[in-house]
Amino acid sequence: MNSVQGLLAASVISVQNSCFIYPACQNCFSRLILDSRRFHCLKCGCTGEAKDASYRYRLSLKIADTNDLFDITVFGSCLDPFFGITAENLQRYIQDFNQLSGETNTESFTRALVHAVETCFIGKRFIFGV
């Protein structure tokens with residue numbers, strides 16, 4: 001993991017994606033390839049059962065300071081306080097909600113989650129370690 005080279009005070013202009021959680025390799029943090037039963041990391045070769053996959057936050061933002069616009073991606077547990085839950089537990093909650101509701105189209109849930117994230121971040125000023 002890279003160390004912080006500097007700090008940037010900036011405001012969030014927009015959220016760039018609607019997928020805030022991804023299945024992550026516990027060894028190298030790369031995105032895992034999941035099928036219904038297994039996971040596989042293309043980077044380090046780690047494999048396991050899909051039910052044992054870990055999840056991690058990945059939030060891509062467009063931010064602005066007083067002079068410039070930047071695209072920035074924030075990873076990992078530093079987002080736990082903003083979501084109020086770990087990525088692992090949020091993913092479990094989403095899966096449980098979809099199963100209990102019998103919802104096959106998860107688009108409405110995704111829209112609600114995106115709206116909540118936009119409300120939390122857009123227009124707010126943060127200090128980013130870059």
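Biologist: Leaving aside neighbours within four places in sequence, which residues is S54 in contact with?
Modeller: S54 is in contact with Y22, P23, A24, Q26 and E88, where contact means heavy atoms within 4.5 Å. This is a predicted model, in which local features need pLDDT of at least 70, side-chain atom pairs count only at pLDDT 80 or more, and totals for chains, interfaces and linings use all residues. Residues are numbered from 1 along each chain as its sequence is written, and side-chain values use heavy atoms, with hydrogens and water left out.

Biologist: With which side chain does the S54 side chain make a polar contact?
Modeller: The partner is the side chain of Q26, at 2.4 Å. A polar contact is a pair of N or O atoms within 3.5 Å; within protein, one must be able to donate a hydrogen and the other to accept it, and residues adjacent in sequence count only if both atoms are side-chain atoms.

Biologist: Is S54 buried or exposed?
Modeller: S54 counts as buried because its relative accessibility is 13%. Buried means under 20% relative accessible area, exposed over 50%, and partly exposed in between (1.4 Å probe, protein chains only).

Biologist: And where does S54 lie?
Modeller: S54 lies in strand β6, which covers residues 54–64. Strands (E, at least two residues) are DSSP runs, numbered from the N terminus.

Biologist: How many bridges join β6 to β1?
Modeller: Four bridges join them, and the two strands run antiparallel. Two strands pair if DSSP finds at least two bridges between them. S11 has A64 of β6 as its bridge partner.

Biologist: What about β1 and β8, how many bridges there?
Modeller: Strand β1 (residues 7–15) pairs with β8 (residues 125–129) over five bridges, in the antiparallel sense. L7 has G129 of β8 as its bridge partner.
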